Every structure is written in structure tokens, then in C-alpha cells.
Amino acid sequence: MVNEERLQKVIAAAGVASRRHAEVLIQTGHVQVNGQVVTTLGTKVTSKDEVMVDGVPLGKEPLKHLLFYKPRGVITAVSDPKHRRVVTDFFEDETVRLYPVGRLDYDTSGLLLMTNDGEFANMLMHPSFGIDKKYVAKVQGIPTRLDLLPLKQGLTLDGKRLAPAKYNILSSDKKKQTAIVELTIHQGINHQVKNMFKAVGFPVIKLAREQYGALTLQGLQSGDYRPLKPAEIADLKALAQKG
Ligand code: URA
């Protein structure tokens, strides 16, 4: 018996797009099965069917894993109805369709992984995968270590108990009444860092993600990217499997 799979799952597993984006590709007529355009989500295919996206057979696109230094003022999305800058604008020279692994806010800069490897992205975005992510925040006010203790003890936000975070106060500006604080978390809830600082009374003015596991932005300027090294990809996969 030949295994049947849903078309969007097959497209995502081939690294062409995320599951969500694969659904959009199907619905907008970019996908052909055995030479026929298919727009119905959930169409079942087997390995005997020939699936093409924009005329390119599945499995012919190379897998890419890129480390991107996202600038502030860019949306973590593949398109924006309001035509604001999106992260994929930085990859127009790439021959494969890339999409972000997780998200950074519009006004947050820093390390963002981009890939066309659906399996890799799903692994890293799975809630059970808690890699350490280090952020540097400029906050309003000058906290003491004691003020920030709730971050370490595990806050409850919107009824959700957060895992304990690590923090380090790097500097403060008495005149401007601001401080620079490093925060390391391993969850990935929307606006988590901003909401955590707000909850302890020190709202974030500026935020950057400086580290993702062992990966840093070293050697990159804002807007630049580099391919991950095979060992870096292998390390992330090994961590995800452990998680
Ligand atoms: N936490 C936030 O609040 N914003 C980000 O962009 C990332 C983490």
C-alpha cells in the first residue's frame, strides 16, 4: 500500500514553504499535481504523484538555513498587505522561497533564522523545543536586581506561568533614567520580553535578540545574513531531538 499524505504537508516537508504558506500556494493556484492545477486543501498525494510548485518539481530545491540580522522596522512575515518591509525582502537574490523560524516584533532587531526546510523549522518552533534566546533590552527606569527578581522566579502573564528567566543588569543612565538589561529566556510567547519587563514596572524602549542557542550575530551588520554551517544545523537538530 502506498502512503497517502496531504498535499500541504508534502510541500512543507520538501522545504518549499511552511505548512501555512504551502496552503496559500495551493489556494492561489501555484501547485500542480500530475500536470493539473490543484487548489483544494487536503488533497491526498502519494510518492507516485508528481507535485510541482510554480513549475518546479518537489525535491529539486536545495535546502537553505540562514542566520539573518533583522533590522528594526521590518515585519517578520513573507508579505504585508500594507506593503511595509518584510524579512523576505532581504532574500530576493535567493532562488528558494525562505520563511522565518519564529518571529521578532517589527521594532525588535536581531538574530532570526530563515529557511526553506519545513522539517527543520517545525522542529525549532515546536513548543517543547526550548533553546536559550538572549535579548538585550533598553528599559525605562533603573531597576535593582531585587526589582527584577520576579523574572527569575517565573512570572504569571495572562494566566500563563512563565519559565524562570536569567537576567543581568549591564548599565544604567541616571540622567535619562534608563538601563540596559540582558534577559535569557527559552520560551517563545508573543511579545514575551516586553510583557515580562512591563510586568515588573520597567517598560522596554528598545529590544534586540543577540543570541539563539550558541548562535550570535558576530561578523554581521544589520540586514546581512550568512548560511549556517553544517555543524550548527546538526547541533540545533540534536538539541531539538533532546527537547
Ligand atoms: N519578545 C518580545 O517582546 N519581542 C520580540 O520581538 C521577541 C521577544
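Student: How is the lining of the second largest pocket made up by class?

Tutor: The lining of the second largest pocket has six nonpolar, five polar and two charged residues, where Ala, Val, Leu, Ile, Met, Phe, Trp, Tyr, Cys and Pro count as nonpolar, Asp, Glu, Lys and Arg as charged, and the others, Gly among them, as polar. This is a predicted model, in which local features need pLDDT of at least 70 and side-chain atom pairs count only at pLDDT 80 or more, while totals for chains, interfaces and linings use all residues. Residues are numbered from 1 along each chain as its sequence is written, and side-chain values use heavy atoms, with hydrogens and water left out.

Student: What makes a space a pocket and not a cavity, and how much space lies in the second largest pocket?

Tutor: On a 1 Å grid over the protein atoms alone, a cavity is a set of points where a 1.4 Å probe fits but cannot get out, whereas a pocket is an open set with protein on both sides within 12 Å along at least five of seven lines, and lining residues have an atom within 4 Å of a point. About 240 Å³ of space lies in the second largest pocket, and of the 13 residues that line it, Ser18, Ala77, Val78, Tyr99 and Pro100 are the closest to its centre.

Student: Is Ser18 called buried or exposed, and on what value?

Tutor: Ser18 has a relative accessible area of 18%, so it is buried, the term meaning under 20%, with exposed over 50% and partly exposed in between (1.4 Å probe, protein chains only). Ser18 sits in the loop between α1 and α2. Neighbours within four places in sequence aside, Ser18 is in contact (heavy atoms within 4.5 Å) with Ala12 and Tyr99.

Student: What makes α2 a helix with one buried face?

Tutor: Helices (H or I, at least four residues) and strands (E, at least two) are DSSP runs, numbered from the N terminus. In α2, the buried residues are His21, Ala22, Leu25 and Ile26. Seen down the axis of α2, they fall within an arc of 145 degrees, so they line one face of the helix, the arc being that of the directions from the helix axis to the C-beta atoms. Their cover includes α1 (7-13), β2 (31-33) and β5 (51-53).

Student: Which residues of α3 are buried, and how do you know on which side they stand?

Tutor: Gly118, Phe120, Ala121 and Leu124 are buried in α3. They cover an arc of only 160 degrees around the axis, which puts them on the same side of α3. These residues pack against α1, β7 (65-70), β8, β9 (108-115), β15 and α6 (230-242).

Student: How much space lies in the largest pocket, and why is it placed between two domains?

Tutor: About 510 Å³ of space lies in the largest pocket, and of its 27 lining residues, Arg103, Lys133, Gln187, Gly188 and Ile189 are the closest to its centre. Domain 2 and domain 3 both give residues to this lining, so the largest pocket lies between them. At least two residues each come from α3 (118-125), β10 (133-140), α5 (192-199) and β15 (204-212).

Technical notes. Points joined across faces, edges and corners; volume = space filled by probe spheres on them. Domains from an automatic or database assignment.
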